[in-house]
Amino acid sequence: MGTHRRPRQRAKGGGRARTAATITLAGAASATGLGGTTVHADPQPTAAQVRAKVDQLYQEAEVATEKYNGVKEKADAAERRLEDLRDEAARKEDRLNSAREALGSVAAAQYRSGGLDPALQLALSSDPDRYLDGAAFAERAGSRQQAEVGRVRKELRDIEQLRGAARVEVASLKSRRAELKRHRETVTGKLDKARRLLSRLTAEERADVGDRASRSAPGPREGLSATAEAPNSRAAAAVAYAYQKLGSPYVWGATGPNAFDCSGLTQAAYRAAGVSLPRTTYAQIDAGRRVPRSELLPGDLVFFYSGISHVGIYVGNGRMIHAPNPSAPVRVAPVDEMPFAGAARVA
């Protein structure tokens, strides 16, 4: 019979021990990275934290928007100046061409006359009286020729100056457009980041981000009361325009008539009232007389944040109409929902 070996006995509880060790190692592996570094999953932000961050991004985007608006205003002005310079240069070139044609006619006439000595022409003339009349005309023509030469020289100098000014405007416009591109990228980058954060919230939470004001829509009596309490007809017209635009979407860089950013709304409202306002918040605050918060009247412009980056139109009872941000349309809101920076009466 062959020899039978006794099977090796397993250690008591060995299977359970190995299982426990495996679990322990797996847990350790999941809790450590390369080199033994502990890895912790980033905690998901709460809805309140997301709302706070989105508000911050919107405010930063609005700062960049107002910078964009200011640069665009300057770029538009540079384009208008450049177009005016080109038009003026074209008119002067037309005048230059006319003066050159006149000079050419005089030169051709002199060439055809042969340039004879005046005394010899008089001696050979069969009609001395007619020659003397012609000589007087030639003298006057010479004076006219000198005037034409002077006119040509002046037109040439003016055209060269206009071309130099146009080169300066082209360089300025190029710089402005590069600056516009930087501000546009800043705005769109911050708005994109805000949208990504908002996508983490539920529909109800997202609605709450855009609804910090009173949920009740203003009635017609409120609008009539606000216009009646305005200090003058221009302020009343601006307030009435703002009420008409309630519900219009916020679009950065927009000045109406169907979409607005904050300073675009105030500019459009006063444009409708016959008052020209600058494009940006930080220019609009200096466009009228400063008024303290305690003396606000409907139609006054109210400004917010230390950098004067947001503006609304006061409508009375501690409320304003403004274009808040991409999460909410033009609406009525309490003046105290943002840090108050000042007010101006522009009408």
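Let me start with this: where does Tyr 305 lie? Tyr 305 sits in the loop between strand 2, residues 301-304, and strand 3, residues 310-316. Before going further, note that this is a predicted model. Tyr 305 is on my list for its backbone: phi there is positive, about 70°, although the residue is not a glycine. As a reminder, most residues other than glycine have a negative phi, and most peptide bonds are trans.

The one joining Gly 256 and Pro 257 is cis, with omega about 5°. Pro 257 is in the loop between helix 7 and helix 8.

Now those two helices. Two packed helices are described by the angle between their axes and the distance between the axes. For helix 7, residues 233-244, and helix 8, residues 262-272, the angle is about 130° and the axes are 8 Å apart. Helix 7 is therefore oblique to helix 8. The crossing of helix 7 and helix 8 is right-handed.

Which residues meet there? From helix 7 we have Arg 234, Ala 235, Ala 238 and Tyr 241, and they meet Ala 268, Ala 269, Tyr 270 and Ala 272 of helix 8. Sorted by class, this contact of helix 7 with helix 8 has seven nonpolar residues, one charged residue and no polar ones.

Rolling a probe the size of a water molecule over the atoms shows where empty space is left. How many cavities of 30 Å³ or more does a search of the whole structure find? The search finds one. The largest cavity holds about 40 Å³ of space. Its lining consists of Tyr 58, Ala 61, Glu 62, Thr 65, Leu 191, Tyr 250, Pro 324, Asn 325 and Pro 326. Helix 2, residues 47-113, gives the most to that lining, with four residues. By class, the lining has six nonpolar, two polar and one charged residues.

That's my list.

Terms used. Residues numbered from 1 in each chain as written. Predicted model: local features only at pLDDT ≥ 70, side-chain atom pairs only at ≥ 80, totals over all residues. Heavy atoms only, no water. Axes fitted to C-alpha atoms, helices over the stretch in contact; angles between N-to-C directions. Helix = DSSP H or I, 4+ residues; strand = E, 2+ residues; numbered from the N terminus. Parallel < 35°, antiparallel > 145°, perpendicular 65-115°, else oblique. Left-handed = near helix turned anticlockwise from the far one by under 90°. Contact = heavy atoms within 4.5 Å. Nonpolar A, V, L, I, M, F, W, Y, C, P; charged D, E, K, R; others polar. 1 Å grid on protein atoms, 1.4 Å probe; cavity = no way out; pocket = protein on both sides within 12 Å on 5 of 7 lines; lining within 4 Å. Points joined across faces, edges and corners; volume = space filled by probe spheres on them.
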